[in-house]
Amino acid sequence: MSRLAEVVARNRAQGKDDRHDRVVEALFAEAGRIADRAVTRDGQRSKQHLDLLLDRLLTSRVWGLPTMGVLFALIFWITIEGANVPSAMLGELLTHRLYDTLHHGADAIGMWPWLSGLLIDGVYLSTAWVVSVMLPPMAIFFPLFTLLEDFGYLPRVAFNLDRAFRWAGGHGKQSLTMMMGFGCNAAGVVATRIIGSPRERLVAILTNNFAICNGRWPTLILVGTIFIGATAPPAIAGVVAAGSVVAIALLGVVVTLLMSKFLSKTLLKGEASTFALELPPYRPPRILRTLATSIIDRTLIVLWRAVVMAAPAGAVIWLISNVSLGGRSLADWMVTGLDPLGFALGLNGVILVAYIVAIPANEIVIPTILMLTLNLARSGLASQGVMLELDEQMTSQVLKQVGGWTLLTGVNLMLFSLLHNPCSTTLLTIYRETGSKKWTALSALLPLALAFLVCFATASLARLLGWA
């Protein structure tokens, strides 16, 4: 630098072109700015910059993970609480007012009852359930998640979890795809494109199902409230119920790491690739642009896939409830046939049938369980093959008194909801991303086998100890 300064001075003295002078002056000015930001001179107070302070907290070995847990718990809480009101409004509009209007219209034009039942009670009602349950949480979760991404926090998450996923044989970026899976597993599978290694990307795809998606949150919250929260005093029942749901979510993270380790030691052997991560500077999120892109690119696309899958599922639910064989509905035959397996797993035949017909969309599991339970008990609360919504108290009475559910049924349903196979929307996405029927089949069978094994173990242990 001193040599350059000499050149500048000499040129000025000789009256030469000042272009070099301007370049050198600019270099000096930039060097001075960098030095002022980075160097503390004798007698000056240490300079603390916001980026540095945030990184000391968010990437700290002590505080990084707890802070991350609090941030994501806050996002989940905002998503769950914020979605309640719009979900209820959409449910009232789609599953009550518009549903009644469609039936009035079908009656007015003289539509055959079986056709109106199939189209309105089956196809329409199932898609209306999916829209009312999925749209509000996704419209909240995806923008919040994208805002964190714009702010520059998600690379810090990958930095914090890199050591755990490296132990499991995965890639640090797998943590980001797992977080995306908490909104929707199909979106989480698509997000694995950020992982460059084919082996590690496949590990991330096969384990993304253990991140609880939007469709499973309502089931976990409802069952946690009715069966876990109810065991505590009323003053802390809500906290206990919320704690049970958070515990299931954390169990999903543990299972993700263990299954990644299992896959990297068996079917997908290999060493974790190096992970060079440049932490970007923090920057103010672009809120309007984020809202637009996350709703169009993520929310609506994922919702459309779910609706396409839920429509035929609604038709199947209506058909098996209304088509009879030997004086009994097909649903009755299926429930009776699966009851022994359900009992061994600490569940029952109704739950297994509900999960079979609700493969296209987890959102319709609880309505299907309520419908099948009331239909098989020949209760006047329900119509044959029509999914219904009950309040929390009525749902508790139906499940415990009519369905015969116990605490073991509730706990195992929560475990089964976490571990069972992905929905068909996610399976279709996995097939498109991998182009392989073998990996798609494995992504369905591996978690299902794990769900059966865990539920059978907990049911057997509970019965052995006399708890059920």
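Aspartate 332 has a relative accessible area of 18% and is therefore buried, since buried means under 20%. The model is a predicted one.

**Salt bridge of aspartate 332**

- The side chain of aspartate 332 meets that of arginine 328 in a salt bridge, with an N to O distance of 3.6 Å.
- Arginine 328 counts as partly exposed, because its relative accessibility is 26%, while aspartate 332 is buried.

**Other salt bridges**

- In total, 6 salt bridges are counted in the structure.
- Arginine 193 and glutamate 433 form one of them through their side chains, at 2.8 Å from N to O.
- This pair links distant parts of the chain, its two residues being 240 residues apart.
- Arginine 193 lies in the loop between helix H8 (185–191) and helix H9 (198–207), whereas glutamate 433 belongs to helix H18 (residues 424–434).
- Arginine 193 counts as exposed because its relative accessibility is 55%, and the cut-off for exposed is over 50%.
- Glutamate 433, by contrast, is buried, with a relative accessible area of 16%.
- A network of salt bridges links Arg193, Arg201 and Glu433.
- A further salt bridge joins the side chains of arginine 199 and glutamate 200, with 3.7 Å between N and O.
- Arginine 199 is buried at a relative accessible area of 14%, and glutamate 200 counts as buried at 0% relative accessibility.

**Helix H10**

- Helix H10 spans residues 217–228 and is mostly covered, with 9 of its 12 residues buried.
- The buried residues of H10 are Trp217, Thr219, Leu220, Leu222, Val223, Gly224, Ile226, Phe227 and Ile228.

**Cavities**

- The structure contains 3 cavities of 30 Å³ or more.
- The second largest cavity holds about 40 Å³ of space.
- Its lining comprises Tyr355, Ala358, Ile359, Asn362, Val365, His420, Asn421, Pro422 and Cys423.
- Sorted by class, the lining of the second largest cavity has 6 nonpolar and 3 polar residues, and no charged residues.

Note on methods. Residues are numbered from 1 along each chain as its sequence is written. This is a predicted model: local features need pLDDT of at least 70, side-chain atom pairs count only at pLDDT 80 or more; totals for chains, interfaces and linings use all residues. Side-chain values use heavy atoms; hydrogens and water are left out. On a 1 Å grid over the protein atoms alone, a cavity is a set of points where a 1.4 Å probe fits but cannot get out, and a pocket is an open set with protein on both sides within 12 Å along at least five of seven lines; lining residues have an atom within 4 Å of a point. Grid points are joined across faces, edges and corners, and a volume is the space filled by probe spheres set on the points. Ala, Val, Leu, Ile, Met, Phe, Trp, Tyr, Cys and Pro count as nonpolar, Asp, Glu, Lys and Arg as charged, and the others, Gly among them, as polar. Buried means under 20% relative accessible area, exposed over 50%, partly exposed in between (1.4 Å probe, protein chains only). Helices (H or I, at least four residues) and strands (E, at least two) are DSSP runs, numbered from the N terminus. A salt bridge is a side-chain nitrogen of Lys or Arg within 4 Å of a carboxyl oxygen of Asp or Glu.
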